[in-house]
Amino acid sequence: MHFSGCLCALLVALVYQVSGMDTVIGLYGETIEVPCNNGAPKPKDLFMTKWKYDDGDLLTQLKDQDASVIATDKYKDRVSMAENSSLLIAAATLKDEKTFTCMVVAGADISEYPVKLLIHKAPTGVEITALATELEIGKPTQLGQCSTSDANPAASITWFKNKKPLVADGKGIIISSKVKVDEVTGLTTTSSILQYTAEKGDTAALFTCGALNTLSSPVSFTVTYPTERISLHVISKGPLMEGANVTLKCKADGNPPPTSFNFHILGKVVKVENSDSYTVTDVTRESTGEYKCSIIDNAKMEDSKNITINYLDMSLSPSGKVMKSFGEALALTLQTHASGELKVSWTKDNGKLDSRPTFDKLTYSDSGKYEVVVTMGALIKKASFELVVEGVPVIRRVAKRRGEDGQHKVLTCEAEGSPKPTVAWSVNGTSADESPYVNGKITHKLTIVPTVNLTVVCTVSNELGQDTRTINVSTYSSDEGDTTKLVVGVIVGLLLATVVVGLAYWLYMKKSKQGSWKTGEKEDGSTEESKKLEEKIEEKLEENSQKVEV
């Protein structure tokens, strides 16, 4: 009794202080820590710490002793005190939203620190229900209802279109929300209804709704609107040319689009149901013209296209394999008829020609495969012929030359003809060499060592005929004799020329003397000069005669 009286007297003498209220937010269902004195360190002269709330005390703790639970109600098994004097409340519910006070007795002071506890809970999910089947342009329609449940405080719902928030304007966008509280848990369910007036651009729009950081799954709607315009499209693989199939496709901007159309094919109306396309098969140049499509129930709503069917006609004469004789002429005719500007190119044996070939007088080099390519835009046509120039082989030249060793003779026979000629010699030799057969020409060389003077024959032949040429070939010694004979012949020629000149001069002088006798002139000096000239001529003749003997 004495101790109790002293404690009461002590409490009366203490100074009583109350601090401002703090607020703590805890999560629903979790253990919540409510700090004492905002978590400040314990005072050194601490005597006692006690937690209480409006309905009574919860627990106390004397210095250097364990905390004692005083509560007898719902908190009896849910409260405890932390090492730093914080109040711990397990399995928090909305009913724990109260003011809890920490009372600290230290020295001569009693201090109280009230703390307001709030319990929050995020919504369990967000979903859109009661979806509209379709949206009609210009008509306000309830798009759907967005709901989220088991939240505290009540969740605020936002609608989004293509991830951008929708703001109610009371006209095209009307949003109405309501909140329902669960009588048992106190948690709320929020629902929001969106009334929306669709536009044409909403055909592929995605709508979502969200609360806090939670979004619903996106939803889209079929947006319906009447057809305002149609367009005709021409579909074809490659250029529009004769023999191709041309597909006409009529597109309408309505949703849903019309399913039946009228196609106007060169003045003829074709009705197509359950399709927006019509195919014109195997078109010709006569198919060129205006094509239209229209809606069956509104003939004024139509579109048209002018279609041109391209064509390219070409004929080449001659064609196939053409056999002609050497020296003949060949007429080449190319005829074209087309719907546009043409480009013509020629090739021979895959090599490009600068211009159209002409064949006024055929040669063997004219043989080959000729191809003409005529183009008009993407249209291409080709034609070709193979020209073969034939002829009896003709030897153009035979020749001989001495080999490098001075003993051999190299014979050459050059010829041309087609088909390819065969070359034959009338003698056997070594090192026979034949050049490539190009443009009807061939060269054949034969090396021989003649032991006697020969007349060699070169023969060229093919299935059309043959030609021969001869060449005289002498031995090496005969070649030396021929050289000597040539030298002697030159000397004899010079000698004869001297004699002729001298004789002519003598006759001239003799006639001159006869003329002098008739005139009675003295001829003594002339006679002596004539004798001297005759002596010189005789000496010259004798000298040349000696040279010939040598």
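Numbering the bonded cysteines of the chain in sequence order, what is the pairing? It runs 1-2, 3-4, 5-6, 7-8.

Some ground rules come before the stops. This is a predicted model, in which local features need pLDDT of at least 70 and side-chain atom pairs count only at pLDDT 80 or more, while totals for chains, interfaces and linings use all residues. Residues are numbered from 1 along each chain as its sequence is written, and side-chain values use heavy atoms, with hydrogens and water left out.

A disulfide here is a pair of cysteine sulfur atoms within 2.5 Å. By this rule the model holds 4 disulfides. The tour visits some of them.

**Stop one: Cys36 and Cys102**

Select Cys36 and Cys102. A disulfide joins them, S to S 2.0 Å. Look along the S-S bond: the angle about it is -70°, and the link is left-handed. Cys36 sits in the loop between strand S3 (32–34) and strand S4 (46–53), while Cys102 lies in strand S9 (residues 99–106). The pair links distant parts of the chain, 66 residues apart. Strands (E, at least two residues) are DSSP runs, numbered from the N terminus. Cys36 and Cys102 are both buried; buried means under 20% relative accessible area, with a 1.4 Å probe and protein chains only.

**Stop two: Cys146 and Cys209**

Move on to Cys146 and Cys209. Their disulfide has an S to S distance of 1.9 Å. What is the handedness of the link between Cys146 and Cys209? Right-handed, with 80° about the S-S bond. Color strand S13 (residues 140–151) to find Cys146, and strand S18 (residues 207–211) to find Cys209. The bridge links distant parts of the chain, 63 residues apart. Why does Cys146 count as buried? Because its relative accessibility is 0%. Cys209 is buried too, with a relative accessible area of 0%.

**Stop three: Cys413 and Cys458**

Finish at Cys413 and Cys458. Their sulfur atoms are 2.0 Å apart and form a disulfide. The angle about the S-S bond is -90°, and this link is left-handed. Cys413 belongs to strand S35 (residues 409–418), and Cys458 to strand S39 (residues 454–462). Cys413 is buried at 1% relative accessible area, and Cys458 is buried at 1%.

Methods. Helix = DSSP H or I, 4+ residues; strand = E, 2+ residues; numbered from the N terminus. Buried < 20%, exposed > 50% of the residue type's maximum accessible area, 1.4 Å probe, protein only.
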